[in-house]
Amino acid sequence: MLLADDDTAITEQLGPLLERSGFDVRTAHDGTAALAAATGAPAPDLVVLDVLMPHMDGREVLRRIRADGAWIPVILLTQVGESTERAMALEEGADDYLNKPFDPYELIARMRALLRRSRTGLPPLASSRVLRAGALRVDRTARRAWLADRELVLTPKAGALLDYLVTHPDELLSRERLMEVLWGWESASTTRAVDNRVAELRRALGDDPAAPAWIETVTGEGYRFVPRVEAER
Amino acid sequence: MTGQDGTPPDEFPGGTPPGTAPAEGAGRPLALHELPPPVPRPRTAPASPSPAGKPPVARRARISRRAVPYAVALGVWGAAVAVTGVFASDYRVYLRFAPVLAVAVLGPLVAAGFGVRLLFTRRVVEARAQVAAEAAAEHHRFLRRLDHELKNPLTAIRLGLANVSASGRLDAQGDGTVRSVEEQVARLTRITGDLRKLADVESRPLERLPVDVGVLLEDAGETARELPGGAERDVSVSVPRVPWPLPTVAGDPDLLELALENLVGNALKYSGPGSRIELRAFEEDGYVVVEVADTGHGIRADELPYVWGELVRGSDARGTPGSGLGLALVHAVVDRHGGRCEIRSRPESGTVVRLRLPSA
């Protein structure tokens, strides 16, 4: 895998940690080096990309990797918490993102989840505009969702939550991670805001929390989106 | 955000959070009636004040400004007629008509002077608003730079600790030390997270949904009972339903909930077991007023004006964990909703925080 960050203090620590977890790590310290390493041969299985780098920023590198064709999973280390920045990161085709400072084991968990998905040979979910899960159809670019023929009416946050859930199916998503995804921060006291949005989604999907077909609560840990998700061509 | 890397850090403008009284009021606790109006957002054009909030001074200046040229012209004409008419005849007639002449000449001059003064005052008000908006914008940029500069070192430290732990070469004491350092890193991480939260609240586009404040208060009451210490406090929520329910507030339900959570968290943290906490809401003059009151140990009078600032901790609060950003966050949320925050406190008796939110 490729790790791109201009801060050597970070790469010097993260590299060995990832290697100890079984990854074969190459590092790059600026945008052009990162792009060369990502598009050259042998191609990395996954790229962890910092956004602010000299010569070319991470988002530009990501754009060019995507333009190059082959879909390599990319995790963006976004530098700012503003929701528009995050939305842009996802629209440009990042598979996931993580705010600094992050828990290294969280990063490793997300990397493993992405590799699990890419090794199945199935098309990556992040690149698909329309996703299907049973009777649910989500148009990600239009930000609309339908259950059978009925369109779901959701608040913007619930919509963003649904988008994240369908692109990360069958993954244990902690409340803190969902807080970070939806608001860009973790709540100091409770993550009730996430619970409220999940409740709203469950109501809209007609899900029974006691016997969930859509969103499962993993007690003490978080939530999991249960159904299989496919990209619609 | 553009311009972040390579921008040399500028001087932090005096530590005054946006929205609080400027330096000349320092040292005196803010009375309820003399809170400054919300500072205009950095993104809005400071040059043109919004039509809804135009102060009476500006309106009178408008009328006087338009009237001034006519008044002057009329006065000059009247004066010219009077003077020629009068000087054409005897000087004694001039004396008799002196009062009329005085009015005809001095009147428009006074009106013009009045108009100019009002115009000047209006310009001063606009200039002040512009300065305040620029200070708020700079403050916001500072928060972003601070967040930016702290993130990488914190990440590197966290990674280093993980490496040391994973190396397996530590004895029990070493492990203990690493854990202790990890706790401090977690604390710093929370602070940077809160700073990011704050900067985000100040700049993100606000959702405008009809929010039922009563429901928010009930939820906050629930949260209070669930948080540490909640079971040992007497928490009560009072929301009027008679003769009619509270009007809704147009805003972001998650941000308002976050603000309430912070206030409730403070009430719990800074009060002892057996204390009472009351959450109240009522309608007043087109506003929905929310109050969070506790019988905790209160805030000293000399510290009260500064509570809304970032990283401000009361000297009596030093023993309790907290980042000092809760009230700053509450203030930012209420400010974005076009509302106001007020706080009253008596040491050893308690504190009440009042949020005034415009109803939809």
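A residue counts as buried when its relative accessible area is under 20%. The views below use that cut-off, and they show a predicted model.

**View 1. Lys197(B) and Asp194(B) form a salt bridge within one helix.** Lys197(B) has a relative accessibility of 2%, so it counts as buried. Asp194(B), at 12%, is buried too. Their side chains meet at 3.3 Å, N to O. Both residues sit in helix H4 of chain B, which spans residues 172-203. They are three residues apart there, so about one helical turn separates them.

**View 2. Helix H8 of chain A packs against helix H6 of chain B.** Two packed helices are described by the angle and the distance between their axes. Here the angle is about 145°, and the axes lie 10 Å apart. The crossing is right-handed. From H8(A) come Arg192(A), Ala193(A), Asn196(A) and Arg197(A). They meet Pro253(B), Asp254(B), Glu257(B) and Glu261(B) of H6(B). By class, the contact has five charged residues, two nonpolar and one polar.

**View 3. Glu257(B) in helix H6 of chain B.** Is this residue buried or exposed? Glu257(B) is buried, because its relative accessible area is 7%. Setting aside neighbours within four places in sequence, its contacts are Arg192(A), Asn196(A) and Leu216(B).

**View 4. Glu284(B) and Arg356(B) pair across two strands.** Side chains of opposite charge can pair when their charged atoms come close. The salt bridge of Glu284(B) with Arg356(B) has an N to O distance of 2.9 Å. Glu284(B) lies in strand S4 (residues 276-284) of chain B, and Arg356(B) lies in strand S7 (residues 350-358) of chain B, so the pair ties together parts that are 72 residues apart in sequence. Glu284(B) is partly exposed, with a relative accessible area of 29%. Arg356(B) is buried, at 15%.

**View 5. Glu291(B) and Arg354(B) meet in a salt bridge.** The N to O distance is 2.8 Å. Glu291(B) belongs to strand S5 (residues 287-294) of chain B and Arg354(B) to strand S7 of chain B, so this pair ties together parts that are 63 residues apart in sequence. Both Glu291(B) and Arg354(B) are buried.

**View 6. A network of salt bridges in chain B.** Which residues are linked in the network? They are Glu278(B), Arg280(B), Glu284(B), Glu291(B), Glu342(B), Arg354(B) and Arg356(B). Over all chains, the structure holds 29 salt bridges.

How values were computed. Residues are numbered from 1 along each chain as its sequence is written. Chains are lettered from A and ligands numbered from 1 in the order in which they are written. This is a predicted model: local features need pLDDT of at least 70, side-chain atom pairs count only at pLDDT 80 or more; totals for chains, interfaces and linings use all residues. Side-chain values use heavy atoms; hydrogens and water are left out. Axes are lines fitted to C-alpha atoms, for helices over the stretch in contact, and angles run from 0 to 180 degrees between N-to-C directions. Helices (H or I, at least four residues) and strands (E, at least two) are DSSP runs, numbered from the N terminus. A crossing is left-handed if the near helix is turned anticlockwise from the far one by less than a right angle, and right-handed if clockwise. Contact means heavy atoms within 4.5 Å. Ala, Val, Leu, Ile, Met, Phe, Trp, Tyr, Cys and Pro count as nonpolar, Asp, Glu, Lys and Arg as charged, and the others, Gly among them, as polar. Buried means under 20% relative accessible area, exposed over 50%, partly exposed in between (1.4 Å probe, protein chains only). A salt bridge is a side-chain nitrogen of Lys or Arg within 4 Å of a carboxyl oxygen of Asp or Glu.
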